[in-house]
Amino acid sequence: MTEIIRYEQVDISYKGERVVHDISFSLQEGEILGIVGESGSGKSSLLRAALGMLGRDGMVTRGDIYYQGKDLPDLTPEEMQKISGAEIGMIFQHAGGSFCPIRQVGEQLQEMMEAHGHTNRQENEALACEILAKFGFEHPRRILESYPFELSGGMQQRAAVAAAMMLRPRLLLADEPTSALDVTVQKQVIEEMLLARQLFGTSIILVTHNMGVVRAMADKMLVMRQGEAVEQGETSSLMEAPTSPYTKKLLAAMPRLRR
């Protein structure tokens with residue numbers, strides 16, 4: 001299998017204080033990795049580090065993040081702009097991180113496509129409608145003509161998944177994409193991300209605190225606590241026989257169906 005991304009002994013610091021310690025993992029083409037752990041464990045920082053989104057106070061202070069042979073933290077802003085969106089897509093916890101609330105969804109998608117050299121507006125609109133239809137939207141053009149605030153939170157998040165796939169990136173980074181949604185919409189968003197893998201062979205790194213979402217989606221999982229990797233491996237194996245007391249605690253907190 002083709003390796004998509006590899007983290008090697010990554011440390012991340014904010015204002016000189018280290019918050020992520022010595023994290024290593026790799027992801028193959030078409031695989032889904034779930035990163036789980038308590039709030040503040042450094043999960044989201046790992047995703048944001050790949051796209052240079054740690055803000056002015058954050059930086060990768062040790063280690064490497066390799067994508068297609070390139071060490072991402074070493075890229076210039078111009079080099080990163082070519083990769084971000086086109087090769088590595090991002091879904092945020094709230095769709096507000098993906099859409100400006102006072103501009104129509106379609107106009108924002110046009111702008112994204114044009115930034116990556118796709119300047120034919122008719123072709124871009126047709127592609128947007130095609131992608132939205134594939135992800136289950138019955139009236140794609142209505143979505144494109146809507147402002148984000150005219151859509152429900154669930155519709156916004158589902159549209160954000162579809163938008164992230166417009167340029168068919170090889171890797172999708174999903175930062176708590178279901179945590180603000182009710183159970184029914186969570187299921188729809190999970191199904192959309194799995195469909196992205198099915199349709200395009202997309203690899204996904206999913207950050208969540210919801211072990212049920214990881215069980216439903218991920219081939220592999222990485223458990224984090226206080227910035228460190230507690231354990232990692234195949235999801236099925238860790239779910240059945242976790243070795244860390246912390247992983248056991250997370251699994252014990254999962255809701256279970258009762259007859």
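Leaving aside its neighbours within four places in sequence, T178 is in contact with Q186, V189, I190 and V213. The structure is a predicted model. T178 is placed in the loop between β7 and α7. Its relative accessibility is 3%, and because buried means under 20%, T178 counts as buried.

Strand β7 (residues 171–175) pairs with β6 in the parallel sense over 4 bridges. Within this pairing, G89 has L172 of β7 as its bridge partner, and M90 stands opposite L173. Strand β7 is also joined to β8 (residues 203–208), again in parallel, by 5 bridges. Here the bridge partner of A174 is L206 in β8. Between β7 and β8 the chain passes through helix α7 (residues 183–200), and this β-α-β crossover is right-handed.

Burial in β7 extends along the strand. Of its 5 residues, 5 are buried, so β7 is largely enclosed by the rest of the structure. Both faces are covered: L171, L173 and D175 are buried on one side, and L172 and A174 are buried on the other.

At the N-terminal end, α10 is capped by S244, which has a side-chain oxygen 3.1 Å from the backbone nitrogen of Y246.

The buried residues of α10 are Y246, T247, L250 and L251. Viewed down the helix axis, these residues fall within an arc of 140 degrees, so they line one face of α10. An α-helix has 3.6 residues a turn, so residues three or four places apart point the same way. On the other side of α10, the residues P245, K249 and A252 are exposed. The cover over the buried residues of α10 includes the strands β3, β9 and β10 together with the helices α8 (211–217) and α9 (235–240).

A further open sheet has 4 strands in the order β2-β1-β4-β5, with antiparallel pairing. Its edge strands are β2 (17–28) and β5 (70–71); each has a single partner strand, so one side of each is left without a neighbour in the sheet. Strand β1 (residues 3–14) runs antiparallel to β2, and 8 bridges join the two. One of the residue pairs in this arrangement is Y14 with its bridge partner E17 in β2. Helix α1 (residues 43–50) packs on this sheet, where it touches β1, β2 and β4 (58–67). The direction of α1 makes about 115 degrees with that of β1.

Terms used. Residues numbered from 1 in each chain as written. Predicted model: local features only at pLDDT ≥ 70, side-chain atom pairs only at ≥ 80, totals over all residues. Heavy atoms only, no water. Pairing = 2+ DSSP bridges. Contact = heavy atoms within 4.5 Å. Axes fitted to C-alpha atoms, helices over the stretch in contact; angles between N-to-C directions. Buried < 20%, exposed > 50% of the residue type's maximum accessible area, 1.4 Å probe, protein only. Right-handed = clockwise from strand over helix to strand, strands pointing away. Arc of directions from axis to C-beta. Polar contact = N/O pair within 3.5 Å; in protein donor to acceptor, adjacent residues only side chain to side chain.
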